[in-house]
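Student: Hey, can we go through this protein together? I'd like to start with the aromatic rings.
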Amino acid sequence: MQKETMLNLKNKKNMENSNQFSSAELPANKEKIVNTLRKYGIEVKRIEVTPGPSVSLYEIVPKPGENISKIKDLEIMESMFSFSAKGNRIIKSSLGKDAFGIEVPNGNPKIISLQSILNSDEFKNSSFELPIVLGETYDNKNVITDLAKLPHLLVGGATGQGKSDFLHAIINSLLNKKHPEELKLVLIDTKNKQFSIYAELKNRFLASLFNGESAVISNTKKVIETLNSLSIEMFNRYELLNQNQVNNLIEYNQLGKKNLAYLVIVI
């Protein structure tokens with residue numbers, strides 16, 4: 001049975017208010033694009049819009065004979081379409097080689113419910129070893145990837161851009177898909193305010209450290225000790241794989257010996 005997530009990021013009322021997408025925003029942005037291109041001497045034949053939950057895609061097809069090579073430069077494009085303070089991205093378009101697309105953040109983005117994706121068939125039926133939820137595409141398709149193929153994942157961004165929420169989404173994705181015998185977490189939280197909610201999982205999903213303490217590490221002096229201990233464990237696992245002539249954890253567990261759980265460290 002699907003487990004509930006540990007984290008409730010937004011209450012239902014806030015989510016309903018945030019899901020109110022302004023339809024007036026789309027034609028307004030289309031008009032800005034047309035006017036901007038006209039200033040550069042380029043007339044537009046048509047613009048097709050694919051509205052997404054937080055970013056919408058505007059695909060521009062210039063009129064025949066228009067020379068758009070000068071606006072293919074990313075720096076110029078960013079300058080031209082700076083009507084969004086949140087930034088835009090220029091991408092290739094599926095409408096033809098002379099067309100191009102602009103990703104524009106919505107003024108009132110929709111909040112994507114993590115639980116809705118965790119309950120989706122795509123997630124439940126995923127064959128990934130360590131499936132994690134990334135979000136939704138323009139056309140509201142769920143995006144799920146395999147953390148096992150991203151063994152060293154760096155999450156970057158400015159303050160308030162959602163780094164912590166993304167880490168929680170990763171953790172909750174794993175908790176909803178894996179059994180405690182298949183997954184052990186080591187959570188390092190020196191600020192002692194992000195991962196404390198997972199402390200109750202100590203006897204299930206949290207790894208048992210060499211000193212018997214909780215695997216939610218907040219003491220900075222113990223972080224290095226913990227990482228050194230994990231390095232030793234990793235070395236021992238490589239030796240075990242070598243001795244059994246297998247290449248990875250999946251092949252080892254198929255031998256029918258003592259099961260090796262995935263170790264996921266989140267700092």
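This is a predicted model: local features need pLDDT of at least 70, side-chain atom pairs count only at pLDDT 80 or more; totals for chains, interfaces and linings use all residues.

Student: Are Phe-195 and Tyr-198 buried or exposed?
Tutor: Both Phe-195 and Tyr-198 are buried.

Student: And what is Phe-195 in contact with, leaving aside neighbours within four places in sequence?
Tutor: Its contacts include Leu-167, Ile-171, Leu-187, Val-216 and Val-266, along with His-168 and Asp-189.

Student: Switching to cores: how many residues does the largest nonpolar core have?
Tutor: There are 30 residues in that core, and Phe-195 is among those with the most contacts inside it, as are Ile-171 and Leu-187. Several elements supply at least two residues each, including strand 7 (183-188) and helix 7 (220-243). Helix 6 gives the most, with five residues.

Student: What about a second core?
Tutor: A separate core of eleven residues includes Ile-33, Ile-47, Ile-60 and Ile-102. In soluble globular proteins, nonpolar side chains tend to be buried together.

Student: Which residue lies over the face of Phe-123?
Tutor: That's Lys-177, at 5.7 Å from the ring centre.

Student: Last one: what pLDDT does the protein average?
Tutor: The average is 82, and 80% of the residues score at least 70. Over residues 7-19, though, the pLDDT is below 50.

Key: Residues are numbered from 1 along each chain as its sequence is written. Side-chain values use heavy atoms; hydrogens and water are left out. A nonpolar core is a set of buried Ala, Val, Leu, Ile, Met, Phe, Trp, Tyr and Cys residues joined through side-chain atoms within 4.5 Å. Buried means under 20% relative accessible area, exposed over 50%, partly exposed in between (1.4 Å probe, protein chains only). Helices (H or I, at least four residues) and strands (E, at least two) are DSSP runs, numbered from the N terminus. Contact means heavy atoms within 4.5 Å. pLDDT is the predictor's confidence in each residue, from 0 to 100. A charge sits over a ring if NZ of Lys or CZ of Arg is within 6 Å of the ring centre and within 35 degrees of the ring normal.
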